[in-house]
Amino acid sequence: VAFAAATSQPVLLLGETGTGKSLCARLIHQQSSRRAKKFVHYQPNFGGGDIVQSELFGHTKGAFTGAVERRRGLVLEADGGTLFIDELDAVPKDTQVLLLDLVQEQRIRPVGADGYQRVQCRFIAATNKPLDEVLSQGLVRKDLHHRLAPTVITIPPLRERRDDIPMLASAVLQSIREREGLNVFEVDARLMLQLQGYSWPG
């Protein structure tokens, strides 16, 4: 994470649901030279490619039915900062082509626009599926993956880092204590054994 934060290279985060990919992306941004600018988090919805493209790249007034006013889009909102796309494999393939252009050329073309706009944002993407699966099934374009491949961070699930559980439990307990005003200062040893033996799905 520290190495990724020290560069402006795109980053690909891999990890199961709940491992902290969004937290990791935000940490990279906060430790980077872009921390004074915006961190924009986008998770694709289940709409079509036109909706995703409009959300990311914006659109001109009248670009399509219902486009009654111009929209800047999230990429321009992240200009100078960081754009984080969660679940990259859910982004339509035609939109991934436009993301490739953003990563390579640092430019976008809003839906309905005649020309390109320059934009400089750090690009971080994540997927909760195994990398070989998203590539073999064609969920992520290989050319886009190649642009992200130099900096890949795999975040292990909690069951693979059980030694962290006492520290995490202590931090969560402190947060609850401060938020709820509870006078509970330690986790019972028997409970700690249960926490460390749990498989932590999700």
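Student: At roughly what angle do the axes of helix H8 and helix H9 cross?

Tutor: In this predicted model, helix H8 spans residues 165-180 and helix H9 spans residues 189-197. Their axes come within 10 Å. The crossing of H8 over H9 is right-handed. The angle between the axes is roughly 115 degrees.

Student: Which residues of H9 make the contact with H8?

Tutor: On the H8 side, the contact is made by Ile-165, Pro-166 and Ala-169. Their counterparts on H9 are Met-192, Leu-195 and Gln-196.

Student: How many disulfides does the structure hold?

Tutor: A disulfide requires two cysteine sulfur atoms within 2.5 Å. For Cys-24, the nearest cysteine sulfur is that of Cys-121, at 18 Å. The number of disulfides in the structure is 0.

Student: Is Cys-121 buried or exposed?

Tutor: Burial is assigned under 20% relative accessible area. Cys-121 has a relative accessible area of 12%, and therefore counts as buried.

Student: Is Cys-24 buried or exposed?

Tutor: The relative accessible area of Cys-24 is 10%. The cut-off for burial is under 20%, so Cys-24 is classed as buried.

Student: How many aromatic pairs are found in the whole structure, and of what kind is the one formed by Phe-39 and Phe-84?

Tutor: The search of the whole structure finds 2 aromatic pairs. In the pair of Phe-39 and Phe-84, the rings lie 6.2 Å apart, centre to centre, with 25 degrees between the planes. Planes under 30 degrees apart count as stacked, so the pair of Phe-39 and Phe-84 is stacked.

Student: Which strands does this pair link?

Tutor: Phe-39 and Phe-84 are 45 residues apart, so the pair links distant parts of the chain. Phe-39 is buried at 15% relative accessible area, and Phe-84 is buried at 0%. Phe-39 belongs to strand S2 (residues 39-42) and Phe-84 to strand S3 (residues 82-85), and the strands linked are S2 and S3.

Student: What is the geometry of the pair formed by Tyr-198 and Trp-200?

Tutor: Tyr-198 is partly exposed at 42% relative accessibility, and Trp-200 is partly exposed at 29%. The ring centres are 5.0 Å apart, with 85 degrees between the planes. Planes over 60 degrees apart count as edge-to-face, and the geometry of Tyr-198 and Trp-200 is therefore edge-to-face.

Terms used
Residues numbered from 1 in each chain as written. Predicted model: local features only at pLDDT ≥ 70, side-chain atom pairs only at ≥ 80, totals over all residues. Heavy atoms only, no water. Buried < 20%, exposed > 50% of the residue type's maximum accessible area, 1.4 Å probe, protein only. Phe/Tyr/Trp six-rings, centres within 6.5 Å; stacked < 30°, edge-to-face > 60°. Helix = DSSP H or I, 4+ residues; strand = E, 2+ residues; numbered from the N terminus. Axes fitted to C-alpha atoms, helices over the stretch in contact; angles between N-to-C directions. Left-handed = near helix turned anticlockwise from the far one by under 90°. Contact = heavy atoms within 4.5 Å.
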